[in-house]
Amino acid sequence: MRKLGISAIALGSALLTLGATAHAEVTEGSDNVPAVSGAAMGKVAVRRGVQGPGGLFTARVLLLVNASKDSFGKPTSLAPDLFYSVSDTVQIGLLHTGPMGWQSRPGFGLCLTGTSNGCPKVYNNIGFDLMYGLLYGDFHLSLHSSLFVLPISDPTGVMWTIGLTGKFHFSNVVALFFDPQVGVMLAHRDVYKEQLFIPLELQFQMAAALSLKVLSGVSGQLSALGDTYEVPLGLGLVGNVNSNVDLGVRFSFDNLLGHAFTGVSRTDARSIGLLLIIRT
């Protein structure tokens, strides 16, 4: 637990230092936010922010596949997330992934492999998302809040998350995306406990239409973080097909650097995510 706290403090200090020394072109949220890239939609994705411009509808569809030892494909699930930018600063969404985004484990959304192959239910979670842009430019920052019904039954859990989503642009081709959230349980608090979620992505622009992402972060139960924290490590590739479509894939060790549970190898828990993004 002490090591985790020291690491978190060091990470926070590094982010603040890098943010302060990065490019200084930052503007506050307004009705007309300046564009971050003159490239066609979907290209130079690392340079872009964390919300879409006003009027943009985005569907992010993930096929999540368990790749763990002796359990490949069990479960496999389809998790669509839908977002609409009401304005340059306000974005709403309907979620079927969890607070870890595209690092969510298989089982979220529509579970396809049945109860005998890792699915507790066919459909067992839904979320509602809100983002409000605060800063734009070389440093993006948005207020981020979600309401998750997870699970829908046995008994129904309702979790409200609040946090900040941001992106440090170290250069035109390197950025760090972060989305820390605290999850507060609103129902059955005797069963479900408050949670911490900090997904991280170190993003590299390999070509105008191709980005590489190093995926990690921390998640766990707040009241017992030292015994429950999980730290995934993975790689993702996202390619732009045209102005309306992106395709991507990730492979992750789901708890390579987190708390090791007795009898479980750190490399045993693995997952694959296939990504389709459609913009209109």
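1. Buried means under 20% relative accessible area, exposed means over 50%, and partly exposed lies in between. Glu-194 has 21% relative accessibility, so Glu-194 counts as partly exposed. The model is a predicted one.

2. Glu-194 has a charged partner. Glu-194 and Arg-189 form a salt bridge, with the closest N and O atoms 2.7 Å apart. Arg-189 has a relative accessible area of 46% and is partly exposed.

3. A search of the whole structure turns up 7 salt bridges. One of them joins Arg-60 to Asp-81, with 2.5 Å between the closest N and O atoms. Arg-60 sits in strand β2 (residues 57–66) and Asp-81 in strand β3 (residues 76–85), so the pair ties together parts that are 21 residues apart in sequence. Asp-81 is buried, at a relative accessible area of 0%.

4. Another pair to check is Arg-279 with Asp-246. Their side chains meet in a salt bridge, 2.8 Å from N to O. This pair links distant parts of the chain: strand β15 (residues 270–279) holds Arg-279, strand β14 (residues 245–253) holds Asp-246, and the two are 33 residues apart. Arg-279 is buried at 7% relative accessibility. Asp-246 is buried too, with a relative accessible area of 6%.

5. Next, the cysteines. The count comes to 1 disulfide. Cys-111 and Cys-119 form a disulfide, and their sulfur atoms are 2.0 Å apart. The torsion about their S-S bond is about -80°, so the disulfide is left-handed. Cys-111 counts as buried at 5% relative accessibility. Cys-119 counts as buried at 4%.

Technical notes. Residues numbered from 1 in each chain as written. Predicted model: local features only at pLDDT ≥ 70, side-chain atom pairs only at ≥ 80, totals over all residues. Heavy atoms only, no water. Disulfide = S-S within 2.5 Å. Buried < 20%, exposed > 50% of the residue type's maximum accessible area, 1.4 Å probe, protein only. Salt bridge = Lys/Arg side-chain N within 4 Å of Asp/Glu carboxyl O. Helix = DSSP H or I, 4+ residues; strand = E, 2+ residues; numbered from the N terminus.
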